Amino acid sequence: MKKIILVALLMIAVGTVGCGAKTDKDVTIIGGADGPTSIFLASKNGEDKITEDLDLSIPGTWQTASIGYVDGDDMQPEYYVQFTETEVNYGHMKDGVFSVDHSDKISEFEKTAKGEYKVKAESANGVQYTYQTAEGDADVLEYFETWNEDDFSEMYRGGASLSRTN
């Protein structure tokens with residue numbers, strides 16, 4: 001009898017996950033330098049979690065809004081930025097090739113089912129900051145010099161926010 005109930009509950013759970021995946025579920029990918037990278041598929045009430053290992057990054061090259069130097073006749077952004085699974089790499093472009101100047105460690109990485117990102121990273125001198133997809137614009141990552149979302153309005157730094165270049 002227990003096996004029949006277990007099989008029935010399992011079938012209901014699988015049917016619920018399969019049928020409601022697009023409307024009732026959020027996907028969050030979490031990873032960082034010190035731990036495994038996982039994907040969590042969970043209902044809004046926090047049940048039915050599934051995890052698996054994944055490789056993470058935010059595609060493309062990004063650039064800061066602030067201007068930092070002159071290269072030939074062109075003004076260049078302060079930094080170009082690329083994201084790996086564990087690091088935020090800051091650098092410059094030379095002859096169309098990205099060259100890393102320095103890297104910060106990613107402590108937490110999230111990607112929602114809508115393709116929005118939130119990256120919490122820490123610089124070598126201990127500054128904790130967050131990049132988060134701008135509301136309504138997937139090609140902008142807003143910069144907040146904090147991990148605490150309650151402080152985002154006070155810690156927003158437009159010049160350090162990023163725009164996708166490719």
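Predicted model: local features only at pLDDT ≥ 70, side-chain atom pairs only at ≥ 80, totals over all residues.
**Figure 1. Phe-109 in strand β8.** Phe-109 is located in strand β8, which covers residues 97–111; strands (E, at least two residues) and helices (H or I, at least four) are DSSP runs numbered from the N terminus. Phe-109 counts as buried because its relative accessibility is 1%, where buried means under 20% relative accessible area, exposed over 50%, and partly exposed in between (1.4 Å probe, protein chains only). Residues are numbered from 1 along each chain as its sequence is written, and side-chain values use heavy atoms, with hydrogens and water left out.

**Figure 2. The largest pocket.** The volume of the largest pocket is about 220 Å³. Its lining comprises 13 residues, and the closest to the pocket centre are Tyr-79, Tyr-90, His-102, Tyr-131 and Tyr-143. Strands β8 and β10 (128–134) are the elements that give two or more residues to this lining. A pocket is an open set of points on a 1 Å grid over the protein atoms alone, where a 1.4 Å probe fits and protein lies on both sides within 12 Å along at least five of seven lines; lining residues have an atom within 4 Å of a point. Grid points are joined across faces, edges and corners, and the volume is the space filled by probe spheres set on the points.

**Figure 3. Salt bridge between Lys-118 and Glu-149.** The closest N and O atoms of Lys-118 and Glu-149 are 2.4 Å apart; a salt bridge requires a side-chain nitrogen of Lys or Arg within 4 Å of a carboxyl oxygen of Asp or Glu. The pair links distant parts of the chain, 31 residues apart: Lys-118 belongs to strand β9 (residues 117–122), and Glu-149 to the loop between β11 (137–144) and α2 (152–155). Lys-118 is buried, at a relative accessible area of 15%, whereas Glu-149 is partly exposed, at 46%. The whole structure contains 4 salt bridges.

Figure 4. Asp-139 and Arg-164 are joined by a salt bridge with an N to O distance of 2.8 Å. Asp-139 in strand β11 and Arg-164 in strand β12 (residues 162–164) are 25 residues apart. Both partners are partly exposed, Asp-139 at 39% relative accessibility and Arg-164 at 27%. In a further salt bridge, the closest N and O atoms of Arg-157 and Glu-145 are 3.8 Å apart. This pair connects the loop between α2 and β12, which holds Arg-157, to the loop between β11 and α2, which holds Glu-145. Arg-157 is partly exposed at 32%, as is Glu-145 at 31%.

**Figure 5. Nonpolar surface patch around Val-70.** Together, Ile-67, Val-70 and Met-75 form a nonpolar surface patch with about 310 Å² of accessible area. Patches take residues with over 30% relative accessible area and no salt bridge, joining nonpolar side chains (Val, Leu, Ile, Met, Phe, Trp, Tyr) within 5 Å and like charges within 9 Å. Val-70 lies in strand β4 (residues 67–71) and counts as exposed, with 53% relative accessibility. For the protein, the accessible surface comes to about 10,300 Å², of which 51% belongs to carbon and sulfur atoms. Areas come from the Shrake-Rupley method with a 1.4 Å probe; for residues, only the protein chains shown count as cover.
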